[in-house]
Amino acid sequence: MYKKHNFGAGPCILPAEVMEHAASAILDWNQTGLSILEVSHRSPEFEGVMIKTERLVRELLNVPESYAVLFLQGGASTQFSMVAINFLKKANSASYLDTGFFAQKAIKEAKLFGSVDIVASSKDKSYSYIPDHYQPCADAAYLHLTSNNTIEGTEMFDFPKPGLPVICDMSSDIFSREINVRDFDLIYAGAQKNLGPAGMTLVIAKNSFLDSVDHPVPSMSDYRVYRDNNSMFNTPPVFSIYVAMLNLIWLKANGGVGAIESLNKKKAELLYNEIDRNTLFSGTANLAHRSRMNVTFTASSPEIEGRFLDLATSLGMVGIKGYRTVGGFRVSLYNALPFSSVEALVALMKQFEQQIILEECLPKTVFDS
Ligand code: PMP
């Protein structure tokens, strides 16, 4: 079905089977004679989708019963302020780990609602690593983390247990690897990487943490309102949730999160090995924190960068240009990206290196003869 190798950072590639099912549901959903785009969110059929999607999230991530699973709107960016509105009480501060562009955005929003303490930052080295050895304030309302830094290409593999509530933005690595949900009090993630199309935000939160909020919160920012209305306080993002359900069915059929994690490790290893071997490219992230979802690297010169980008694009490889403020390359390896796409990219990197070596040798050879 696909004519391109889609290495885009998000919205990103989804499995071909999911696209096919979604396309047919737009025309006629399950032989109802209606499109999925025109059914009532209160219909028993769509309520079935909500129940099934929640069940799949719980099963695939092993979510304990004491946690709520919510489907919200507004993207992960809305969560930057929503967590602060709910949990950052004016009396104390919240602790944030500053690991990159999106962590900074979360910090900026939280500051509107109270005092923010940056426990550690990797800004000193262009966010190329994840800080360790930090101590959040004992009375902080929560510690906020970003498990995968989509732009900088770093990922957290060890999560702290600070003895205070932990909130984590998992937008770009949720469902890519096994996690212990109990290590967190609230997880949020925009859908448009490994979950589904943009439009829905997944929140997984410990019920007792939600119930600890003791000040009035506007309904649309109140997690408990979504929980108590089965994520249907207002019209939910019907299509985005439906496609997420299809995608989770695909993930389950393909062995679940453990199986996809093994494949993701292999894809990342193949690409990082080539980056380390190839004389034209260098990885930008600290080895111990290299993201398996977003691989960032630079070329030996702007000319080499431009030529490789043009070459890859001409061969149907899309989405490899680094983030606009960072430059270089960013290759995203989300769940649905086939291993063969990584093989194709790696083969091209090898071939390109040979071509450059040949070009560099050519004048010398001509001169020698
Ligand atoms: N956090 C992270 C880690 C992200 O990668 C992104 C963007 N993909 C966001 C937050 C913002 O997400 P959204 O565009 O859904 O608001």
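The model is predicted, so local features need pLDDT of at least 70 and side-chain atom pairs count only at pLDDT 80 or more, while totals for chains, interfaces and linings use all residues. Residues are numbered from 1 along each chain as its sequence is written, and side-chain values use heavy atoms, with hydrogens and water left out.

**Overall form**

- The chain contains 10 helices and 14 strands, where helices (H or I, at least four residues) and strands (E, at least two) are DSSP runs numbered from the N terminus.
- With a radius of gyration of 22 Å, close to the 21 Å that the globule rule gives for 369 residues, the chain is as compact as a globular protein of that length; the radius is taken over C-alpha atoms, and the rule is 2.2 Å times the number of residues to the power 0.38.
- Along the principal axes, the C-alpha atoms of the chain fill a box of roughly 85 × 55 × 30 Å.

**Ligand surroundings**

- The residues around the ligand are G75, A76, S77, F80, F102, N148, T150, D169, S171, S172, Q192 and K193, each having a heavy atom within 4 Å of it.
- Helix α3 (residues 75–87) supplies the largest share of this shell, 4 residues.
- By class, the shell divides into 3 nonpolar, 7 polar and 2 charged residues, with Ala, Val, Leu, Ile, Met, Phe, Trp, Tyr, Cys and Pro counted as nonpolar, Asp, Glu, Lys and Arg as charged, and the others, Gly among them, as polar.
- An N or O atom in the side chain of T150 is 2.5 Å from an oxygen atom of the ligand, whereas for D169 such a side-chain atom is 2.6 Å from a ligand nitrogen atom; polar contacts are pairs of N or O atoms within 3.5 Å.
- A polar side-chain atom of K193 likewise lies 2.5 Å from a nitrogen atom of the ligand.

**Backbone details**

- The peptide bond from G10 to P11 is cis, with omega near -5°, and P11 is found in the loop between β1 (5–6) and α1 (16–27).
- N62, in the loop between α2 (44–61) and β2 (67–72), has a positive phi near 55° although it is a residue other than glycine.

How values were computed: A polar contact is a pair of N or O atoms within 3.5 Å; within protein, one must be able to donate a hydrogen and the other to accept it, and residues adjacent in sequence count only if both atoms are side-chain atoms.
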